[in-house]
Amino acid sequence: MYLIKQKKGRKNRLLRTVACMLFLIPSCLLAQTGGITVKGQVTVNGEPLAGVTVLVQETNRYAMTDDGGNYTITAVDQNSVLAFSFIGYKTVNETVGARSVINVAMEEDVQQLEQTVVVGYGTQRKSDVTGAIASVNEGTLREVPVSSISQSIQGRVAGVYIQQTSTSPGKGSQIRIRGNRSLSASGDPLIVVDGIPFQGTLNDLAPDAIKSIDILKDASATAIYGSRGANGVILITTFRGTGNIKPQLSYNAYYGVASIAKKYEVFNAEEFVKYREISGYGQPDPWLPQEQDYFTTHKSYDWQDELYQTAKVTSHDINFRAGSDFISGGLGLGYYNETSPIPGQEFTRYSLRGNLDMNINKWLKVGLSTNNSFGLTDGENVDIIALKGVVNFSPLVNPYDEDGNIIAQPLSPREDGYSPLLIKNEDLWAQEHQRFMSFNSLYAEAHILPDLKYRVNFGFFYLHDQYGEFYAKESPFQDVPGSPSKASLANTNVYGYTLDHLLYYDKTFADKHRIGATLLYSVEDNYVDYSSVTGTDMTADYISYHDLSTANEGVTAFGSHQRKTLLSYMGRLNYAFDNKYMATITFRSDGSSVLAPGNKWHSYPAVSLAWNINREKFMEKLNFIDMLKLRVGYGQTSNQSIGAYSTLGSMTQTKYNFGEDYVYGYYPFTIENAELGWEYSDTYNAGIDFSFWRGRLSGSIEAYIQKTTAVIVSVNSPASSGIAAATNRNIGRTENKGMEFTLRGSIFRPANPEGFSWDVDYNLSFNRNKLLSLASGQTQDEGNGWFVGHPIDVIYDYNKIGIWQLGEEQEAAKYWSTPGMFKFEDVDNDGMITPADRKVLGKYEPDAEMGMTHRLRYKNFDFTLVAYARIGGMLVSAIHMRQAYLNTLAGRLNNLKVDYWTEDNPTNKYPKPDLTRLNNSFDTTMGYFDASFLRIQTITLGYSLPKSLLSKFGVTELRVYLTCNNVATLFSPYMDDGGVDPQPTGYGSQGTTGGPISSRQLTVGLSTPPVRQFLLGVNIRL
């Protein structure tokens, strides 16, 4: 049992609830079945074996052994054959004959027990794995029907933190494995698809194409990928045809509708009238003529209801696989479409994939695979403009005229902004994002000797990304109404290849010594081309962004080109003795083109050891232990995730006036950085893997510490230097340390195939991040939000300690305040609130994250519940800050519904409304919340039709299911205070006009509200 001390009662209640769920795994006995013909006991090494399936061959009659290994079953006749089977053991067949008692002793099937795990450039038996590797199988991935596989694994793997970066359809997620370790370099993990590094995102891959995911977390596991694996590695295995299988055709589809889970809470008409009167805005006549109608008709308007629509989601996926001894392959087609409750927002993805493997002869095998997707995203940023209006427009104003038409400027003449409802007219605007991805690989594998194998992999990646936008003169996107129309078009092409030469040697000596060696020579070459053009005052609106040569003014263009190359050598040696003691030694050397001469190359080692304790003789009497393995490891990785040409000096162009003419000139933009090198991370990892009571309870415990040195930091040059851009330097040190717990259990196991079963998965992880040092003994960098001794991402601001109340007038006056205004901590006790009074208020990183999955089955029904929780940490809500008229409390426009101060309501949450608050620089403090929550992500109820019925129609499997996504969010202080979702919606300030928010930090801004989906799906296999 663990204990975490919290300050708030609500957080304590959440922790108690989570703890109760986490340890809700009772010790339950297996049910027994009745029968009269044959009975007996199944044992292994003289001990009873529970859960063994006893099948009367050529019938549908089953039984299962109980906790004592006993079974009872009715046999058809003396010629009946009983098949005794259990995962990890050899199947035993016994003819009944004249016997009424049949006892069976089962033997371990070593090959079956040794499940393989993808470890990078190959596979390993699970019992031989020495590093920290987490696996997610096909069944787990299919439990959450979503647009991106990242959503399927959110909260499912300990130490893997996944947060959304947008709520609009088709957007991706931020993935961090064991926290952030770098200040300026990328923290994204490496994605490897079928053995080849993947340059796209998880959103480019259709979820139905993915068979399994293996995640490498510690350096002893990731070192094999060198600098590309510094932030962890996600290994994706796609479906392929396999040898000797009949042609299989499967179809997976679902359709659903979605509605807003929670609207933004704003003042209704009555509350708005009171709020404006208290603020003093517009006195003595604060009401527009169109608002004054309310006082006679009492008719009000909910602008959000006028905007939102019912969203829909559709998915279709067809897969075909077949194989023989000579050739096998597969083909898949996918279609996914999701609309938004915001009109004009939509995401569509088409996918095509295929693979082919051929055994040319006994020693040569070749194959290829291709994954292609085409994505269309419309209106990805339309929510920001639309919602800003519907949240703050007056609820007293009718959005429509007498004929039912949208009033273009409903708050005129006080406000000249356009109605947000005009986004329903898509002739006035366009935001169209097209993304085509093609990922292809070829391989040839030759067995030179029985124990020696050579393999060559070649992968080619191509990505074309195009974004076009257009805003007409009357578009609500225009900052200044009546401005000329404007359009822009940007194109990005990313392409490159990877070539790997691999040599494998595997040999077993004297039945107890196993050696596996891998040698690698790898080349990677990547290119990025970018171009953009903008223009204003388009000749005709229907041209949109498609021909910017028709722009009458303001045509500008920009372009860039980048090339990055990586050359690598790697060697790995695996050794196992008697299935008890394992060791893995890895050595990798990388050379990167992006670093400075003399610093391009770096070599680093990794070593890990494992001990299968349960195989020792002194453990023989502990029959309840199936597996107990201790692992330790050390490894070094590095990070070169910086932009190409970062070490080179550069010039930028500007215009100089000469009378009525101008000429182009150039000035230094960046300076040469000949000393820039690699970031280094040293990781120590210790882990325990266990399985008890024949798999009834299993899991793992991990502990790690990771220190990163020579951290790349962006440093600004002195203003006197004339250098505008920051320069990367290797000057920082960071540390991550934490623990991870994974637990899998069977609460109920069925006594027969149709009996009730209940399985659970839990994971819990802690990560503590700390900045150890900056340059030259510097203890803080306020501009970047870095403070030595604190986590990398913290909140640094004034400490709000309440609101000045009546009776405190004299004390408040010392700080130029009055009752109803914020009260701040005077940190330096100088009698003033100045920037010197700011302090570190909290961290973005949670205290802990937890995930759980419950799976229940009875007969042909299945039920799955998936949930995850975030405990502790702070959330930055940009919409509660001094953003563009959302929470100003100035009375000018409508406001988020907050508990503001009045003489009759002396709250300490929000200050008194005041028309002078529009420029209050302290209002950033209104946006900080406890980030804790517990989310019931998915509930699914499925039913599989009986196979006896399906066989008549040539169908192998047919399952229908109902799913609810985003079921409920509980124990969230942010939602209790009016927020719509405690998860991030983007990076940085998201429109906030002040505050210490870095562009790298995930925050909650104004965006499409979360939706609750209801899906009806079907899985068919022929």
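Helices (H or I, at least four residues) and strands (E, at least two) are DSSP runs, numbered from the N terminus. The model is predicted, so to speak from the outset: local features need pLDDT of at least 70, side-chain atom pairs count only at pLDDT 80 or more, and totals for chains, interfaces and linings use all residues. Residues are numbered from 1 along each chain as its sequence is written, and side-chain values use heavy atoms, with hydrogens and water left out.

On that basis, the protein chain comes out with 13 helices and 51 strands. Its radius of gyration (over C-alpha atoms) is 32 Å, close to the 31 Å from the globule rule for 1022 residues, so the chain is as compact as a globular protein of that length. The rule itself is 2.2 Å times the number of residues to the power 0.38. Laid along the principal axes, the C-alpha atoms fill a box of roughly 105 × 70 × 65 Å.

Take contacts (heavy atoms within 4.5 Å) with a separation of 6 or more: residues 24 or more positions apart account for 69% of them.

Now the interior. A nonpolar core is a set of buried Ala, Val, Leu, Ile, Met, Phe, Trp, Tyr and Cys residues joined through side-chain atoms within 4.5 Å. The largest one has 64 residues, and Tyr264, Leu307, Ile342, Leu387 and Ile423 touch the most other members. Elements that each supply at least two residues of this core include α6 (269-279), α10 (382-392), β23 (429-449) and β41 (822-824). The largest share, 5 residues, comes from α10. Leaving aside neighbours within four places in sequence, Ile342 is in contact with Leu307, Tyr308, Leu387, Ile423 and Thr1008, among others. A second, separate core holds 26 residues, including Ala134, Val136, Ile196 and Leu202.

Most residues other than glycine have a negative phi, and most peptide bonds are trans. Against that, a cis peptide bond joins Gln283 and Pro284, with omega about 10 degrees, and Pro284 sits in the loop between α6 and α7 (289-292). The bond from Ser412 to Pro413 is also cis, omega near 10 degrees; Pro413 belongs to the loop between α10 and β23.

Two non-glycine residues have a positive phi. For Arg178 the angle is about 60 degrees; this arginine lies in the loop between β13 (173-177) and β14 (190-193) and counts as buried at 2% relative accessibility. For Asp578 phi is about 55 degrees. Asp578 is found in the loop between β27 (551-577) and β28 (581-592), and is partly exposed, with a relative accessible area of 24%.

Finally, Leu376 lies in strand β22 (residues 364-378) and is partly exposed at 27%. Beyond four places in sequence, the contacts of Leu376 include Glu346, Phe347, Tyr350 and His433. Asn716, by contrast, is 340 residues from Leu376 in sequence and 39 Å away, C-alpha to C-alpha.

Note on methods:
Buried means under 20% relative accessible area, exposed over 50%, partly exposed in between (1.4 Å probe, protein chains only).
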